[in-house]
Amino acid sequence: MIVVDEYLALQAFRGDLPPGVPEDELLLPTSRHWRILQALHAGRGGQLSRLLSQLSETGRAAVRFPHPEMLQVLDPRPLLDDAAALAARFGNTGWLVAETLAAGRRYGSSLWFGEAANVGRLLRAAARELGVRIHVAAP
Amino acid sequence: MTGGWLRNNGHVTIGEELDEERRRRRRAGDPRLTPSDRELLRRLTDGDLKEEFQAALDAVSDRDPLLSDTADPDD
């Protein structure tokens with residue numbers, strides 16, 4: 001099982017992961033699915049929301065309710081305590097960074113991203129300190 | 001147990017067959033996506049809409065004090 005970001009999640013829906021990404025079960029932290037869903041459901045403004053509104057009904061369902069064979073959205077409850085500890089340790093990181101770090105620690109001490117810009121400085125620094133490897137798999 | 005269950009004499013186990021079948025389905029992608037859905041998602045992750053996608057993700061974090069790393073612990 002590997003923990004992935006929003007880019008690799010969308011690529012998984014298409015069945016087109018970049019070379020180098022292990023053919024394994026993909027896990028998406030809840031906070032990262034939340035960011036995709038926010039973009040999907042935003043009813044006003046933003047070119048992205050307008051573009052996502054072009055998805056078919058079944059396509060929207062695939063993104064809203066991922067099939068577990070394509071992608072599993074992680075249950076955040078078992079990660080909460082570790083995430084809270086990490087948030088405190090690294091100066092109130094926020095849920096996105098804390099949950100991602102906790103997920104990475106639990107599942108193979110690795111995190112997989114589809115875009116370097118999506119890693120973020122704080123996550124990168126904290127991961128280094130925790131020994132969590134960050135992989136960026138470009139298409 | 002039969003050769004279908006155990007890897008011997010070059011046989012593929014049932015577990016391996018199931019894994020391979022799962023991999024095949026994953027490589028095919030979610031059948032709920034239409035060809036135009038797939039093309040739109042491709043543009044978001046490795047096409048002309050990539051920057052737009054990243055900006056939208058960042059905007060969600062910026063708007064949400066729980067998600068972002070700028071939350072005031074005294075709030």
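In chain A, the residue A:Ala103 touches A:Val3, A:Leu27, A:Pro29, A:Leu74 and A:Leu79, leaving aside residues up to four places away in sequence, where contact requires that the C-beta atoms of two residues, placed from the backbone, lie within 7 Å. The model is predicted, with local features needing pLDDT of at least 70 and side-chain atom pairs counting only at pLDDT 80 or more, while totals for chains, interfaces and linings use all residues. Residues are numbered from 1 along each chain as its sequence is written, and chains are lettered from A and ligands numbered from 1 in the order in which they are written.

A:Ala103 lies in helix H6 of chain A, helices being DSSP runs of H or I with at least four residues and strands runs of E with at least two, both numbered from the N terminus. A:Ala103 counts as buried because 28 C-beta neighbours lie inside 10 Å; the cut-offs are 20 or more other C-beta atoms within 10 Å for buried and 12 or fewer for exposed, with partly exposed in between. A:Leu27 is 76 residues from A:Ala103 in sequence, yet the C-alpha to C-alpha separation is 8.7 Å.

Helix H6 also packs against helix H7. The axes of H6(A) and H7(A) are 10 Å apart and meet at an angle of about 30°, which makes the two helices roughly parallel, a term for angles under 35 degrees. The contact is made by the residues in the table.

| Helix | Residues in the contact |
|---|---|
| H6(A) | A:Val97, A:Thr100, A:Leu101, A:Gly104, A:Arg105 |
| H7(A) | A:Leu122, A:Leu123, A:Ala126, A:Ala127, A:Leu130 |

Within H7, which covers residues 121-130 of chain A, A:Leu123, A:Ala126 and A:Ala127 are buried. Seen down the axis of H7(A), these buried residues fall within an arc of 105°, so they line one face of the helix, the arc being that of the directions from the helix axis to the C-beta atoms. On the other side of H7(A), the exposed residues are A:Arg121, A:Ala125, A:Arg128 and A:Glu129. The cover over the buried residues of H7(A) includes helix H6 (95-106), strand S4 (110-113) and strand S5 (133-136) of chain A. Just after H7(A), A:Gly131 adopts a positive phi of about 75°.

Chain A as a whole has seven helices and five strands, and 43% of its 139 residues count as buried. The C-alpha trace spans about 40 × 35 × 25 Å along its principal axes.

Technical notes:
Axes fitted to C-alpha atoms, helices over the stretch in contact; angles between N-to-C directions. Parallel < 35°, antiparallel > 145°, perpendicular 65-115°, else oblique.
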